[in-house]
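Reader: I have a model open on my screen and would like to talk through a few of its features. Could you take my questions one by one?

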Amino acid sequence: MTISAKDWLKNNIKGDYHIWGVVLFLSIMSIAVVYSATGTMAYQKLQSTEHYLFKHGALVVLGLACMWVAHRFNYIYYARLSRFGMWLSVPLLLWAYFKGTNLNEASRWITIPLINQTFQPSDLAKLALISNLAAMLAKRQHIKKEQYDPSVLVNMIGWIGIICACIVLSNASTAALLAATCFLLMFIGRVPTKYLAFMVVFCVVMGSFALMFGQRAKTSISRITNYWETLNGRRPPEFQVAQSYIALAHGGVYGQGPGNSHQRNFLPHSYSDFIFAMIVEEYGLIGGIVIILAYLYLLWRGMRAIRKANRAYGGLLSAGLTFSIVIQAMINMAVSVGLVPVTGQPLPLLSMGGTSLLFTGTAIGIIISVSRGEADESNLIKAT
């Protein structure tokens, strides 16, 4: 019996179709812009302009596959896996710092044997921490604020501080964004204000110590100082920021057209950290606004999934993961236009990357799983 494409999609693609559509749009844009941004570099290094196109295209497909697999599971299973993921991420983060692959003066990567590919343990840590924090908060939504068990809240804050401190050793901006996401999640989860304040103090103290002993203290201080002096007119913008401004100016309203970027030959990391500048140069202000609206629409659909969740865990999980993706996207775009200091954060779903695409796909798959609204949280207490 022949199954039509419509029937196959109906049987295999579940959840919020709007999220599927946004992700598919951003994935297609990613392949087009990364191909344009890496063409010259690929030819200079490998005498082939298509090398990064095929490599990145394969990773995009793998990211979509991760999203499809993740959305097929009942989201309650992620509560059970998250605790293991947190315990695993701490030694992996420390291993990456002490023994990992060093790129751009930071040891954030672990090389996987046999396939000789690197991955960032911080991607696993973010996913595990947000999932477990959502589970721990969900179990206590029926309790009044004044009746919260302090030891449980201290346990939550302790995990946030430990994991963020481990990330700070080699990646301060990722740790700061993760801490901010956890703060928002705890605020939504009705955590008393005094514990939110304690979390901020604890994370600042832990992060400061980790930054002092880590690899990125000088870089972080330099970037903040340079940004502040530039903002006050005491020095010109950093080289990569200046090149980003030129790309934005070249773009105008309608852009130079796909593949017609000039700044790809001058702008450092035009395929990752500053890919938004590339998008505006080639697709103009209109293209940049469309990308921003796509992320805002993803945020709205992710928040909308909260209403479809049967219990608190699904809503908190969807909120936490959506915040994580969209906040990172907004920070990346803010760097390109000079609103915040340079951070080195990729643009989710658009920048060229490895495991970040896979973990982002997994996170969105979990959000879609929540949007299906088919979970039974009766065993959640056993999960965390």
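Reader: Is W159 buried or exposed?

Author: Before that, a word on the source: this is a predicted model, where local features need pLDDT of at least 70, side-chain atom pairs count only at pLDDT 80 or more, and totals for chains, interfaces and linings use all residues. Residues are numbered from 1 along each chain as its sequence is written, and side-chain values use heavy atoms, with hydrogens and water left out. Buried means under 20% relative accessible area, exposed over 50%, and partly exposed in between (1.4 Å probe, protein chains only). W159 has 9% relative accessibility, so it counts as buried.

Reader: How many aromatic pairs does a search of the whole structure find?

Author: Rings of Phe, Tyr and Trp (its six-membered ring) pair if their centres lie within 6.5 Å; planes under 30 degrees apart count as stacked, over 60 as edge-to-face and the rest as tilted. On that basis, the search of the whole structure turns up five.

Reader: What kind of pair do W87 and W159 make?

Author: A pair of aromatic rings is described by the distance of the centres and the angle of the planes. For W87 and W159, the centres are 5.0 Å apart and the planes sit at 85°, so the pair is edge-to-face.

Reader: How many residues apart in sequence are the parts that this pair of W87 and W159 ties together?

Author: Helices here are DSSP runs (H or I, at least four residues), numbered from the N terminus. W87 lies in helix 4 (residues 76–99) and W159 in helix 6, so the parts tied together are separated in sequence by 72 residues.

Reader: And W87, is that one buried or exposed?

Author: Its relative accessibility is 55%, so W87 counts as exposed.

Reader: What about Y297 and W300: stacked, edge-to-face or tilted?

Author: They sit three residues apart in helix 11 (residues 275–308), so about one helical turn separates them. Y297 is partly exposed at 28% relative accessible area, and W300 is partly exposed too, at 46%. With 5.6 Å centre to centre and 45° between the planes, the pair is tilted.

Reader: How far apart in space are V154 and Y195, C-alpha to C-alpha?

Author: V154 is found in helix 6, and its relative accessible area of 42% makes it partly exposed. V154 and Y195 are 41 residues apart in sequence, while in space the C-alpha to C-alpha distance is 8.2 Å.

Terms used:
Helices (H or I, at least four residues) and strands (E, at least two) are DSSP runs, numbered from the N terminus.
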